Amino acid sequence: MTLREIHAQTRRCRRCHLHKTRLNVVPGEGSSNAKVMFVGEAPGAEEDKSGRPFVGRSGELLTEMLEEIGLQRESVFITSVLKCRPPRNRTPLVSEIEACIPYLHRQIEAINPRIIVLLGGVAISSVIGPWKLSDAHGRFYEHDGRTFFMTYHPAAALRFPKIRTVMRSDMQALREELSMSGG
Ligand code: SF4
């Protein structure tokens, strides 16, 4: 299945009740040949309005951090576990994650990235399983035949300067891995 087909499916999706409150579905954007894929938690208000992922303030910080390690936003693929915004940005429910995660798995199959970066606890627990973020961050992890890298969500980095520093250092580890594996 192509990315375009997967994204068309999400736009028609009514698999969970978030379809009733969304303004737009936010399937994700970027290169269909991306070597690196970034997975956040769920769209926020700005993303819901625009239909684009990571366009609010945390998106600006993510874009800045990508550029710091030599990655252009257009060259990677950016998405989240949920494709529709939970009301008032509350934490996604398990039932919502279960309903939506097949789309993420299809996106991973279609793009076949070298590294999948999980941003924050919800992305980590939804894709890999429960793992304390303070232990998980900065690590590469092989799971289901794929390579994952775990770090904080940029929204947390935006709120807490200490997390911002740690996340920047995690991103340097990602840069080193990418340069060792040829880009
Ligand atoms: S969050 Fe996912 S499962 Fe729920 S309606 Fe949106 S696309 Fe469908």
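Student: Which helix gives the largest share of the shell around the ligand?

Tutor: Happy to start there! This is a predicted model, where local features need pLDDT of at least 70, side-chain atom pairs count only at pLDDT 80 or more, and totals for chains, interfaces and linings use all residues. Residues are numbered from 1 along each chain as its sequence is written. Helices here are DSSP runs of H or I with at least four residues, and strands are E runs of at least two, numbered from the N terminus. Three shell residues, the largest share, come from residues 94-111, helix H4.

Student: Where in H4 does a kink lie?

Tutor: The bend is the angle between axes fitted to the seven residues ending at a position and the seven starting there. In H4 the kink is about 40° and comes shortly before the proline Pro102, at Cys100.

Student: What do the buried residues of H4 pack against?

Tutor: Buried means 20 or more other C-beta atoms within 10 Å of a residue's own, with C-beta atoms placed from the backbone. Among the buried residues of H4 are Ile97, Cys100 and Leu104. Contact means C-beta atoms, placed from the backbone, within 7 Å. By that test, the buried residues of H4 pack against helix H1 (3-12), E2, E3 and H5.

Methods
A residue is buried if 20 or more other C-beta atoms lie within 10 Å of its own, exposed if 12 or fewer, and partly exposed in between; C-beta atoms are placed from the backbone. Two residues are in contact if their C-beta atoms, placed from the backbone, lie within 7 Å.
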